[in-house]
Amino acid sequence: MNQIAKHWLRFSAVLLLLAAAALIIHAHDKPEITPPRLPLSSFPMKVAGWHGTSVPITAAELAVLGPGEFLMRDYETSTGDPVSLYIAYFPSQRTGDTIHSPKNCLPGSGWSPLESGELEVRNPDGSTMTVNRYIVSKGLSRALVLYWYQAHGHVAASEYMAKLRLVEDAIRMNRTDGALVHIVVPVSTPSGLNQAQHTALAFLAKVQPMLDQYIPR
């Protein structure tokens, strides 16, 4: 079995589990639980030494993304260290409105992956989380991308693990809300990757403790 076939087999299995979870929730005849949280629009424009500027999302882009809430911001320090933050939050994924994977969205936006893998990150509280680490290019531009899936206090790099946990929580908690978070830092020079990663991790360390207010545990 080739890699493409394995990919679709795993993806189909997860979709079947999601469908089964949705049927179980529907059979219980209970409204899905959506815990209180702060709107993404209230996310701070200032994060430590970074000052943000909102990036508009077009109506066409929102139509593709589906019925969720989205934040797109460009942040920059006084010394010119740029970071882009994107958060996509879906209050429910019961009806097929699922998070769009960056593996599909980045190529669709003209970015080509040069390198991909995972990175273990230590949080300010001493815990660790695993995120995806991508290096992408578009023409002469290069960028470092860190992204992860977050829901109900769980963080996952794997799209499949995130969906499996979603099924479990749908049955156990009657919740299918969840989010995608990604951080992008341009790589300005061929030798600038280490600096880009340092910037991305410094920004992540400031942002991660704030996310529970917007992506409820």
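A pocket here is an open set of grid points, where a 1.4 Å probe fits, with protein on both sides within 12 Å along at least five of seven lines. Keep that in mind for the first stop. The model on screen is predicted.

**Stop 1: the second largest pocket**

Select Asn123, Asp125, Ser127, Gln208 and Arg217. Of the 13 residues lining the second largest pocket, these lie nearest its centre. The space in this pocket is about 220 Å³. Now colour the lining by class.

**Stop 2: the whole chain**

Zoom out and switch to cartoon. The chain has five helices and nine strands. Next, think about contacts between residues at least 6 apart in sequence. Of these, 66% join residues at least 24 apart.

The accessible area is about 11,500 Å², and carbon and sulfur atoms account for 58% of it. Of the 217 residues, 41% are buried.

**Stop 3**

Centre on Phe203. Leaving out residues up to four places away in sequence, Phe203 touches Val47, Trp50, Tyr75, Val83, Leu85 and Ile183.

**Stop 3: His182**

Select His182, in strand β9. Is this side of the tour buried or exposed at His182? His182 counts as buried because its relative accessible area is 15%, under the 20% cut-off. Display what surrounds it. Beyond residues up to four places away in sequence, His182 touches Ser84, Leu85, Tyr86, Pro102, Val145, Leu146 and Tyr147.

**Stop 4: Pro91**

Move to the loop between β4 and α3 (102–108), where Pro91 sits. Pro91 is partly exposed, at 32% relative accessibility. Not counting residues up to four places away in sequence, its contacts are Glu32, Thr34, Pro67, Gly68, Thr176 and Asp177. Now draw a distance from Pro91 to Pro216. Their C-alpha atoms are separated by 10.0 Å, though the two residues are 125 apart along the chain.

**Stop 6**

Most residues other than glycine have a negative phi. Two loop residues to check are Ala48 and Asn174.

Start with Ala48, in the loop between β1 (46–47) and β2 (50–54). Its phi is positive, near 55 degrees. Ala48 is partly exposed, with a relative accessible area of 42%.

Finish at Asn174. Look for the loop between α4 (159–173) and β9. The phi of Asn174 is also positive, near 60 degrees. Why does Asn174 count as buried? Its relative accessible area is 14%, and buried means under 20%.

Methods:
Residues are numbered from 1 along each chain as its sequence is written. This is a predicted model: local features need pLDDT of at least 70, side-chain atom pairs count only at pLDDT 80 or more; totals for chains, interfaces and linings use all residues. Side-chain values use heavy atoms; hydrogens and water are left out. On a 1 Å grid over the protein atoms alone, a cavity is a set of points where a 1.4 Å probe fits but cannot get out, and a pocket is an open set with protein on both sides within 12 Å along at least five of seven lines; lining residues have an atom within 4 Å of a point. Grid points are joined across faces, edges and corners, and a volume is the space filled by probe spheres set on the points. Contact means heavy atoms within 4.5 Å. Helices (H or I, at least four residues) and strands (E, at least two) are DSSP runs, numbered from the N terminus. Buried means under 20% relative accessible area, exposed over 50%, partly exposed in between (1.4 Å probe, protein chains only). Accessible areas come from the Shrake-Rupley method with a 1.4 Å probe; for residues, only the protein chains shown count as cover.
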